[in-house]
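The report below goes through selected local and overall features of one structure. It begins with individual backbone positions and then turns to the sheet and the helices.

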Amino acid sequence: MCVKKWFLSINIRYNPKNQLSYKLLDHATDAIIEVTASDLPESFVIAANSVIETTLDRDTVEEKEEMEIRVKGKDLRYLLFNWLEAVIYQLITDGFAIKRITLDLKKNEEYEITATSYGEPIDLKKHNFKVEIKAPTFHEMEILEGKEVKMKFLLDL
């Protein structure tokens, strides 16, 4: 029996202006993402950016249209899971290439994100489509709040 494995290389995105970053760690068949941000809203934007850039080349996307994303979660883990799932759905199912996302995060009885994504209909060639993400998972998911927010999550490719 022949088993084929492929690995994603380590990719670090760093924005010195805002100190926002994420790391894509080596893993066979899945993507493990580590996010570092100064606060929760920024961490969710970075998480979305990591999903977008895992899927396509965000630099090739133009801001021609906008779409709304709304998600809720009973805690931060469920919010992150639902958020990642919504971004993936918009990219893959709706076929909307996302350039940029703005969001508002609130906590009442539940956590809630209301976001606007800016982009255009996906063009597989223009946007250099890389890989289809099947789903986020709760496996290895972590959210740590302190001086900065750190997240870790796994995407099933």
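## Residues with positive phi

Asn128 is found in the loop between E6 and E7, where helices (H or I, at least four residues) and strands (E, at least two) are DSSP runs numbered from the N terminus. The model is a predicted one, in which local features need pLDDT of at least 70 and side-chain atom pairs count only at pLDDT 80 or more, while totals for chains, interfaces and linings use all residues. Residues are numbered from 1 along each chain as its sequence is written, and side-chain values use heavy atoms, with hydrogens and water left out.

Most residues other than glycine have a negative phi. Asn128, which is not a glycine, has a positive phi near 50 degrees, and with a relative accessible area of 37% Asn128 is partly exposed; here buried means under 20% relative accessible area, exposed over 50%, and partly exposed in between, with a 1.4 Å probe and protein chains only. Glu140 is likewise not a glycine and takes a positive phi of about 65 degrees, but Glu140 is found in strand E7, and its relative accessibility of 31% makes it partly exposed.

## The loop between E7 and E8

Lys147 is placed in the loop between E7 and E8, and its relative accessibility of 87% counts as exposed. The C-alpha atom of Lys147 is separated by 7.2 Å from that of Ser38, although these residues are 109 residues apart along the chain.

## The three-stranded sheet

Strands of a sheet pair through backbone hydrogen bonds, either parallel or antiparallel. In this model three strands form an open sheet in the order E4-E6-E5, with antiparallel pairing, where two strands pair if DSSP finds at least two bridges between them. The edge strands are E4 and E5, each of which pairs on one side only. Neighbouring strands of this sheet are turned against each other by 20 degrees on average, direction ignored; the axes are lines fitted to C-alpha atoms, for helices over the stretch in contact, and angles run from 0 to 180 degrees between N-to-C directions.

E4 and E6 run antiparallel and are joined by nine bridges, and Glu65 stands opposite Gly119 in E6. Eleven bridges join E5 to E6, also in antiparallel fashion, with Glu120 in E6 as the bridge partner of Ala97. E5 and E6 form a hairpin, and three residues lie between them.

## Helices across the sheet

H1 lies across E5 and E6 and runs at about 155 degrees to E5, whereas H2 lies across E4, E5 and E6 and runs at about 150 degrees to E4. The buried residues of H2 include Leu76, Phe81, Trp83, Ile88, Gln90 and Leu91. What covers the buried residues of H2 includes helix H1 (40–55) and the strands E4 (65–73), E5 (96–107), E6 (111–121), E7 (135–145) and E8 (149–156), contact meaning heavy atoms within 4.5 Å.

## Length and ends of H2

Helix H2 has 18 residues (residues 76–93), which at 1.5 Å a residue should span 26 Å, and its end C-alpha atoms are 25 Å apart, which agrees; the expected span is 1.5 Å times one less than the number of residues. At the start of H2, a side-chain oxygen of Asp75 reaches to within 3.1 Å of the backbone nitrogen of Arg77. Just after H2, Gly95 takes a positive phi of about 65 degrees.

How values were computed. Polar contact = N/O pair within 3.5 Å; in protein donor to acceptor, adjacent residues only side chain to side chain.
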